[in-house]
Amino acid sequence: MSGSHLESLQKSYDAIRQEIRERALKANRKPEDILLVGVTKTVDVPVMQAAYDLGITHFAENRVQEYLRKADILNRDCCWHFIGRLQTNKVKYLDQRIKLIHSLDRMELAQALDNRGKAINYRFPVLVQVNVAGESTKAGISPEALKNFLITLSKMGNIHVKGLMTIAPYTEDPEDVRYVFRELRKLLVDIMRERVENINMDELSMGMSNDYAIAVEEGATIVRIGSSLFGERVY
Ligand SMILES: *Cc1c(COP(=O)(O)O)cnc(C)c1O
């Protein structure tokens, strides 16, 4: 990794941390309660190693093959997250190195994860992805179906629900999606009150490069940042 590349990564990282800090304080929150996950799809391993050395120790991938390739060669003690649509036929490749799956969006996938967890003696930590804005192009459980979905999940011994995740619609002005984050937090609080057994509602994964500042103000505990850390992705 070149010196200038490293310098620009350091700059972006500092700026994002500063923004998270300011927004957290503005909302009367502790900045350290917000975890920055680096979204590293298409990012090369040497860049990830440099990022780790700067302090970005959580990485998120959205393709199982890419995750496995990188996890096998990245010689850093990082935490791996899985985001994005997860195909059921790929679940058999997941392992204990996955510290959080953000995109549990359907029963068939829950069943596959529960089976895989049994096979490798691991209880997969998961977030349920909620389609708050009701976009037909996006995955996620509808807010109306969430509670029943969670009750079914609570009976599965090898997945452990830790909270909720959403992807807001893309907008020029992230203020326009504040309601999405507010709504997800409301759902979390409602479910917390219900006290569903075996389910935790500690984590709210919301906010990406474009809108994380607003998400932090609305209660995000995890923000998923790709392009504003690592640059625009080229596929
Ligand atoms: C790609 C991706 C991100 C990161 O997006 P950026 O806009 O590059 O920060 C976050 N969450 C999910 C689910 C993604 O697929």
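Tutor: We'll talk about the ligand and then the cysteines.
Tutor: This is a predicted model, where local features need pLDDT of at least 70, side-chain atom pairs count only at pLDDT 80 or more, and totals for chains, interfaces and linings use all residues. Residues are numbered from 1 along each chain as its sequence is written, and side-chain values use heavy atoms, with hydrogens and water left out.

Student: OK, which residues surround the ligand?
Tutor: Among them are Val39, Lys41, Ile83, Met208, Ser209 and Arg233; a residue counts if one of its heavy atoms lies within 4 Å of the ligand.

Student: And which side chain has a polar atom 2.5 Å from an oxygen atom of the ligand?
Tutor: That's serine 209. The side chain of lysine 41 has an N or O atom 2.6 Å from a ligand oxygen, and for arginine 233 that distance is 2.8 Å. A polar contact here is a pair of N or O atoms within 3.5 Å.

Student: How much of the ligand's accessible area does the protein cover?
Tutor: 89% of the 390 Å² that the ligand has on its own, by the Shrake-Rupley method with a 1.4 Å probe.

Student: New topic: how many disulfides are there?
Tutor: The structure holds 0; a disulfide needs two cysteine sulfur atoms within 2.5 Å.

Student: Is cysteine 78 buried or exposed?
Tutor: Buried, with a relative accessible area of 10%, whereas cysteine 79 is partly exposed at 23%. Buried means under 20%, exposed over 50%, and partly exposed in between, using a 1.4 Å probe and protein chains only.

Conventions
Polar contact = N/O pair within 3.5 Å; in protein donor to acceptor, adjacent residues only side chain to side chain.
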